[in-house]
Amino acid sequence: VIDSLQSRGIEIEILSGDAEISTSRISSLLGIKKYRSRLSPEEKKEHLVEVRLPTLVVGDGVNDALMLKSADIGVAFNRGDGTSIESSLTGSDVVV
């Protein structure tokens, strides 16, 4: 899916609150060249505002709730094990 989107000129970027080494590794494994690490929820939202393009955001935790609400389309992952974060789910357009 990522390769298909990128081949169509769609930019994909990882915005993470995790450490740089973890974010870099995941980015590399997924073939995503652009990433930012150690971002606060507010910094993630600010980045969406700076991009000024239609955005689809995928998130799975409380640190993604603000970004999910700010995106044009927000997709939250419900873990299905009772550990999903309610604030992420309620701020999303789609729950998977």
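Is Asp-64 buried or exposed in this protein? Asp-64 counts as buried, because its relative accessibility is 9%, where buried means under 20% relative accessible area, exposed over 50% and partly exposed in between, with a 1.4 Å probe and protein chains only. This is a predicted model, in which local features need pLDDT of at least 70 and side-chain atom pairs count only at pLDDT 80 or more, while totals for chains, interfaces and linings use all residues. Residues are numbered from 1 along each chain as its sequence is written, and side-chain values use heavy atoms, with hydrogens and water left out.

**Overall build**

- The secondary structure comes to five helices and five strands, which are DSSP runs numbered from the N terminus (helices are H or I with at least four residues, strands are E with at least two).
- Along the sequence, these elements follow the pattern α-β-α-β-α-β-α-β-α-β.
- The protein has 96 residues, of which 29% count as buried.

**Asp-64**

- Asp-64 sits in the loop between β3 (56–59) and α4 (65–70).
- When neighbours within four places in sequence are left aside, Asp-64 is in contact with Lys-44 and Gly-59, contact meaning heavy atoms within 4.5 Å.

**Leu-39**

- Leu-39 belongs to the loop between β2 (34–36) and α3, and Leu-39 is buried, with a relative accessible area of 17%.
- Setting aside neighbours within four places in sequence, the contacts of Leu-39 are Leu-15, Ser-16, Gly-17 and Lys-44.
- Leu-39 and Asp-18 are 21 residues apart in sequence, and their C-alpha atoms are 7.6 Å apart in space.

**The largest pocket**

- The largest pocket holds about 1,300 Å³ of space, a volume being the space filled by probe spheres set on grid points that are joined across faces, edges and corners.
- On a 1 Å grid over the protein atoms alone, a pocket is an open set of points where a 1.4 Å probe fits, with protein on both sides within 12 Å along at least five of seven lines, and lining residues have an atom within 4 Å of a point.
- The lining of the largest pocket comprises 35 residues, and Glu-13, Ile-14, Leu-15, Leu-56 and Val-58 lie nearest its centre.
- At least two lining residues come from each of α1 (2–7), β1 (13–15), α2 (20–30), α3 (41–51) and β3.
- The lining has 19 nonpolar, nine polar and seven charged residues, where Ala, Val, Leu, Ile, Met, Phe, Trp, Tyr, Cys and Pro count as nonpolar, Asp, Glu, Lys and Arg as charged, and the others, Gly among them, as polar.
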